[in-house]
Amino acid sequence: MFYSGKELKKVFDKAKKERYGIIASNVVFDNAIRGLVQGYEAQKSDGLLQMSAGAMKYAAGSTKNVEVGAQLISSMTKIIANQYKNSGVGLHIDHATPNYFDLVVYCIENGLVSSVMIDASHEEFEENIRISAEVVKIAHKHGVLVEGEIGYIKGAEDEIVSDTQLYTKPEEALEYVKKTNVDLFAASVGTNHGVTKGSKVTLRIDLIKQIDDLLIKNNVERGIVLHGASGLTAQQQIDAIKNGVVKINKDTRYQMEIAEAVCRYWLKEADSIIPPNGISDDDFQPDKKRFDPRKWIVKGEDAMQKAVEELVQISGSAGNSIMSK
Ligand SMILES: [Zn+2]
């Protein structure tokens, strides 16, 4: 089913308490939403779908109207998710930088999302606190959760590119959480946005633990969010979750899955639409049974479903939906 912020809060509280992770999956179109929701349901796992500003622009078409895109993705998510009763997903805005403040408010006030990320991490620390607190004030009035970010996460994600990595300082995390009252926050602990293999990443488990311990000691325990987590090994993810991470973002992983599955299909079935060498257009008979979009797009959907099913087993959320008795 589709979770409002209130239900999503229960999901994260349970996950933090029982130390498993919620997989947050970036989506743009219906195929991705379907594949992922089916995967969460099959595993009786709660989840979170998330849309970036770029995804909203794309969804809207040539107008690039982010509000229209948000409406579309939100409606599709709600309709698809509400068919299922053994699990649930919320919808989240990924990396809304301060220039998207109005869009964030629009999505909150129109009930389109369950949670939002305000990413003012490239502002001065005080300004990051001010903007984040402002979003929290509006969001909490509507029962919507807020994720903030402290420190820079290296790499490129959607419209945000950072060449530098700045690790999150535990004392700053504490001050940030106390002053903003965010529900979750992204910490920079060594991961990179984009395609980076986990074996090449020095994931600072020690830093995750330091941050988590400090917040718990000060009675402001929060879930830590791991961005740029697509390439991490299973063990890296398990260690991160044990030490305080509660939300793991996946975007690139699914992009690779869908591209590979569709690519493999067409490497095999190209002769259903393109005449093989030596055969003229006149003699060529296209094969509708194989080029019908439902025959090949579904390969991408299936691959995404398989990927999320594997991910929720690693993160431990499989079988742990708040919907299951
Ligand atoms: Zn991110």
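The paragraphs that follow move from overall dimensions to local detail.

This is a predicted model, and its protein chain holds 12 helices and 11 strands. The radius of gyration of the protein chain is 20 Å, which agrees with the value near 20 Å that a compact globule of 325 residues would have, while the C-alpha trace spans about 75 × 45 × 40 Å along its principal axes. Buried residues make up 54% of the 325 residues, and among contacts with a separation of 6 or more, 73% are accounted for by residues 24 or more positions apart. The accessible surface comes to about 14,700 Å², with 52% of that area belonging to carbon and sulfur atoms.

Helix 4, residues 66–81, reaches 22 Å from its first C-alpha to its last, close to the 22 Å expected for its 16 residues at 1.5 Å a residue. Its buried residues include Val66, Ala70, Ile73, Thr77 and Ile80. Seen down the helix axis, the buried residues of helix 4 fall within an arc of 165°, so they line one face of the helix. The cover over these buried residues includes helix 2, strand 2, helix 3, strand 3 and helix 5. At the N-terminal end, helix 4 is capped by Asn65, which places a side-chain oxygen 2.9 Å from the backbone nitrogen of Glu67.

Is Thr97 buried or exposed? Because its relative accessible area is 19%, and buried means under 20%, Thr97 counts as buried. The side chain of Thr97 also makes a polar contact of 2.5 Å with the side chain of Asn99.

Methods:
Residues are numbered from 1 along each chain as its sequence is written. This is a predicted model: local features need pLDDT of at least 70, side-chain atom pairs count only at pLDDT 80 or more; totals for chains, interfaces and linings use all residues. Side-chain values use heavy atoms; hydrogens and water are left out. Buried means under 20% relative accessible area, exposed over 50%, partly exposed in between (1.4 Å probe, protein chains only). A polar contact is a pair of N or O atoms within 3.5 Å; within protein, one must be able to donate a hydrogen and the other to accept it, and residues adjacent in sequence count only if both atoms are side-chain atoms. Helices (H or I, at least four residues) and strands (E, at least two) are DSSP runs, numbered from the N terminus. The expected span of a helix is 1.5 Å times one less than its number of residues. The arc is that of the directions from the helix axis to the C-beta atoms. Contact means heavy atoms within 4.5 Å. The radius of gyration is taken over C-alpha atoms; the globule rule is 2.2 Å times the number of residues to the power 0.38. Accessible areas come from the Shrake-Rupley method with a 1.4 Å probe; for residues, only the protein chains shown count as cover.
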